[in-house]
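Please examine the sequence and the structure shown below. The briefing that follows is arranged by topic.

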Amino acid sequence: MRYELSPSILAADFACLGEQISQVEQAGVNWLHIDVMDGNFVPSISLGMPVITSIRKKSSMFFDVHLMVQDPERYIEDFKKAGADMLTVHAEACPHLDRTLHCIREAGMKAGVALNPATPLVMIEQVLELVDMVLLMTVNPGFGGQKYIPYSGDKIRRLRKMLDERGLSADIEVDGGISTKTIDQVLEAGANILVAGSAVFGGDIAANANVLMIKIEEFRKHQ
Ligand code: DX5
Ligand code: ZN
């Protein structure tokens, strides 16, 4: 299985965003997690297409765009134009999830589906064949720097089992409170794409990214 660290720019210093993204890219990180919040599905508002368009010109990383947006199908083409490689939508925010996921793929992007901590896996059972990735929120979405919710481990395990039983190779991304303290337990549970915001952008960015990548590599080697 492949493993990726996906640093969340929500925790970056937006006054020097381009420079901070270069630091993670130069540290050897392949993915970049971009949190879009609409002030409706989640309480806060973060960033949108103009920021993605600007950073697209500076980076060749895989843009993993997490839409915490109500009815995100309205913006699929816009995010494609801005430079997203993958769009992940919340099952809770999509009344016509099947159609939305098809539209994302038809627009030429990878498709992901996300679940809040309190939303059961049964919500996405029908659409697992349609997604490249399932994002399991390990905090309540809307803010960076929150504490990892411990019952997430069991949910990750059950999802990996469900995917394996159906012969599916979708990635499992975990998002929220991932740090050197929690990364081992989510890897062991079956997650393979690890989002980290404050654990990467808080302090020495390259050093933080390296510590997490080493932990991922150690785990991968013992698989
Ligand atoms: C939260 C966002 C996360 C957030 C993670 O709603 O989806 O991606 O940036 O931040 P940390 O890693 O600091 O918990
Ligand atoms: Zn996110």
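In which strand is H90 found? H90 is found in strand 4, which covers residues 86-90; helices (H or I, at least four residues) and strands (E, at least two) are DSSP runs, numbered from the N terminus. This is a predicted model, in which local features need pLDDT of at least 70 and side-chain atom pairs count only at pLDDT 80 or more, while totals for chains, interfaces and linings use all residues. Residues are numbered from 1 along each chain as its sequence is written, chains are lettered from A and ligands numbered from 1 in the order in which they are written, and side-chain values use heavy atoms, with hydrogens and water left out.

**Zinc site**

- The zinc ion (ligand 2) is coordinated by H33 (NE2), D35 (OD), H66 (ND1) and D175 (OD), at 2.0 to 2.3 Å. Donors are N, O and S atoms within 2.8 Å of the metal (3.2 Å for Na, K and Ca); water is not among the atoms, so sites may look incomplete.
- Why is the arrangement around the zinc ion (ligand 2) octahedral? The six donor atoms subtend angles of 70 to 171°, and the arrangement is therefore octahedral. Six donors count as octahedral if opposite donors are over 155 degrees apart and all others between 65 and 115.
- Along the sequence, the donor residues of the zinc ion (ligand 2) follow the spacing H-x1-D-x30-H-x108-D.
- D35 in strand 2 and D175 in strand 7 (residues 171-175) link distant parts of the chain, being 140 residues apart.
- Both D35 and D175 are buried, where buried means under 20% relative accessible area, exposed over 50%, and partly exposed in between (1.4 Å probe, protein chains only).
- H33 has its place in strand 2 and is buried, because its relative accessible area is 0%.

**Largest pocket**

- The volume of the largest pocket is about 380 Å³. A pocket is an open set of points on a 1 Å grid over the protein atoms alone, where a 1.4 Å probe fits, with protein on both sides within 12 Å along at least five of seven lines. Grid points are joined across faces, edges and corners, and a volume is the space filled by probe spheres set on the points.
- The lining comprises 30 residues, of which G144, G145, Q146, G176 and G177 lie nearest the centre of the pocket; lining residues have an atom within 4 Å of a point.
- Strand 2 (31-37), strand 3 (62-68), strand 8 (193-196) and helix 7 (198-201) are the elements that give two or more residues to this lining.
- By class, the lining holds 14 nonpolar, 13 polar and three charged residues. Ala, Val, Leu, Ile, Met, Phe, Trp, Tyr, Cys and Pro count as nonpolar, Asp, Glu, Lys and Arg as charged, and the others, Gly among them, as polar.

**Helix residues and their contacts**

- T100 lies in helix 4 (residues 97-106) and is buried, because its relative accessible area is 2%.
- The side chains of T100 and E73 are joined by a polar contact of 3.5 Å; such a contact is a pair of N or O atoms within 3.5 Å, one able to donate a hydrogen and the other to accept it within protein, and residues adjacent in sequence count only if both atoms are side-chain atoms.
- N208 belongs to helix 8 (residues 205-221). Its side chain reaches the backbone oxygen of V200 at 2.9 Å, and a polar atom of the N208 side chain lies 2.8 Å from the backbone oxygen of G202.
- S152 is in helix 5 (residues 152-165) and counts as buried at 3% relative accessibility.

**Loop residues**

- D71 lies in the loop between strand 3 and helix 3 (76-82). D71 is not a glycine, yet has a positive phi of about 50°. Most residues other than glycine have a negative phi.
- With a relative accessible area of 25%, D71 is partly exposed.
- T138 lies in the loop between strand 6 (133-137) and helix 5 and counts as buried at 0% relative accessibility.

**Separations between C-alpha atoms**

- T138 and I156, 18 residues apart along the chain, have C-alpha atoms separated by 9.7 Å.
- For H33 and S152, 119 residues apart in sequence, the C-alpha to C-alpha distance is 20 Å.

Key:
Tetrahedral: all angles 85-135°; square planar, octahedral: opposite > 155°, others 65-115°.
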